[in-house]
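This briefing covers fold, core, helix geometry and backbone details. Please look over the sequence and the structure first.

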Amino acid sequence: MTGSFLPLTVDAAKRADAPEVLRQALLTDRAAAECWTVLLAGCEFSTKRDLDARLRKLSEATAEHVGTRWWFADGAGHRKRVARAQENLVAAIAEGDGQEFALAFVGYDNAMAGAVVCAGIGKHRRPVEGSTA
């Protein structure tokens with residue numbers, strides 16, 4: 001059985017038919033696995049720069065998928081949650097703390113998947129008959 005750092009995000013991207021988010025999530029997941037291996041080995045590493053770049057690209061792909069309007073209006077709470085989770089990850093990487101890294105990735109995966117799912121709900125919600133929404 002292989003583990004994944006972004007199982008919720010990968011699943012949300014598949015269900016939302018978001019191929020670029022899925023592609024970036026898989027690349028980020030691979031970079032996270034490499035970073036995790038290096039953290040556990042206690043090595044100095046340059047893979048953290050790759051992971052930082054992958055996290056940014058995944059956020060950018062998500063922002064593009066959900067739409068700038070949603071990302072900065074109705075989705076602002078999700079955007080801020082993703083940003084905080086990403087900051088926690090970067091801090092865990094800098095500290096070289098494997099446990100914090102794993103916990104931070106759980107929060108990041110949850111935040112990212114939540115943004116993809118919630119944006120999709122808003123895109124496909126139909127107004128209730130008789131409402132002005």
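In which helix is A32 found? A32 sits in helix α2. The model is predicted, and every value below is computed from it. The chain has 6 helices and 0 strands.

**Overall fold**
- From the N terminus on, the elements run α-α-α-α-α-α.
- The chain has 133 residues, and 41% of them are buried.
- Residues 24 or more positions apart account for 67% of them.
- The accessible surface of the chain is about 8100 Å². Carbon and sulfur atoms hold 52% of that surface.

**A32 and its surroundings**
- A32 counts as buried because its relative accessibility is 0%, and the cut-off for buried is under 20%.
- Beyond residues up to four places away in sequence, A32 touches F5, L51, F101 and F105.
- A32 and A102 are 70 residues apart along the chain. Their C-alpha atoms are separated by 9.7 Å.

**The nonpolar core**
- The largest nonpolar core holds 36 residues. L51, F101, F105 and Y108 touch the most other members.
- Each of α1, α2, α3, α4 (68-72), α5 (76-95) and α6 (98-124) supplies at least two residues of this core.
- α6 gives the most to this core, with 10 residues.
- In soluble globular proteins, nonpolar side chains tend to be buried together.
- F101 has contacts with F5, A32, C35, W36, L39, L51, L89, A92 and I93, leaving aside neighbours within four places in sequence.

**Helix α2**
- How far apart are the end C-alpha atoms of α2? They are 33 Å apart. With 23 residues at 1.5 Å a residue, α2 should span 33 Å, so the two values agree.
- The buried residues of α2 are V21, L22, Q24, A25, T28, D29, A31, A32, C35, V38 and L39.
- An α-helix has 3.6 residues a turn, so residues three or four places apart point the same way. Several of the buried positions follow that spacing, including V21, Q24, T28, A31, C35 and V38.
- Just after α2, G42 takes a positive phi of about 75 degrees.

**T62 in helix α3**
- T62 lies in helix α3, which covers residues 47-66.
- Is T62 buried or exposed? T62 counts as buried, because its relative accessibility is 0%.
- Its contacts are V21, W71, M112 and V116, leaving aside neighbours within four places in sequence.

**D17 and its backbone**
- D17 is in the loop between α1 (7-15) and α2 (19-41).
- Phi of D17 is near 50 degrees, a positive value in a residue other than glycine. Most residues other than glycine have a negative phi.
- D17 is exposed, because its relative accessible area is 64% and the cut-off for exposed is over 50%.

**Cysteines**
- How many disulfides does a search of the whole structure find? The search finds 0 disulfides.
- A disulfide is a covalent bond between the sulfur atoms of two cysteines.
- C35 counts as buried, because its relative accessibility is 0%.
- C118 counts as partly exposed, because its relative accessibility is 31%.

Notes. Residues numbered from 1 in each chain as written. Predicted model: local features only at pLDDT ≥ 70, side-chain atom pairs only at ≥ 80, totals over all residues. Heavy atoms only, no water. Helix = DSSP H or I, 4+ residues; strand = E, 2+ residues; numbered from the N terminus. Buried < 20%, exposed > 50% of the residue type's maximum accessible area, 1.4 Å probe, protein only. Contact = heavy atoms within 4.5 Å. Expected span 1.5 Å × (residues − 1). Areas by Shrake-Rupley, 256 points an atom, 1.4 Å probe, with all protein chains shown as cover. Disulfide = S-S within 2.5 Å. Core = buried A, V, L, I, M, F, W, Y, C linked by side-chain atoms within 4.5 Å.
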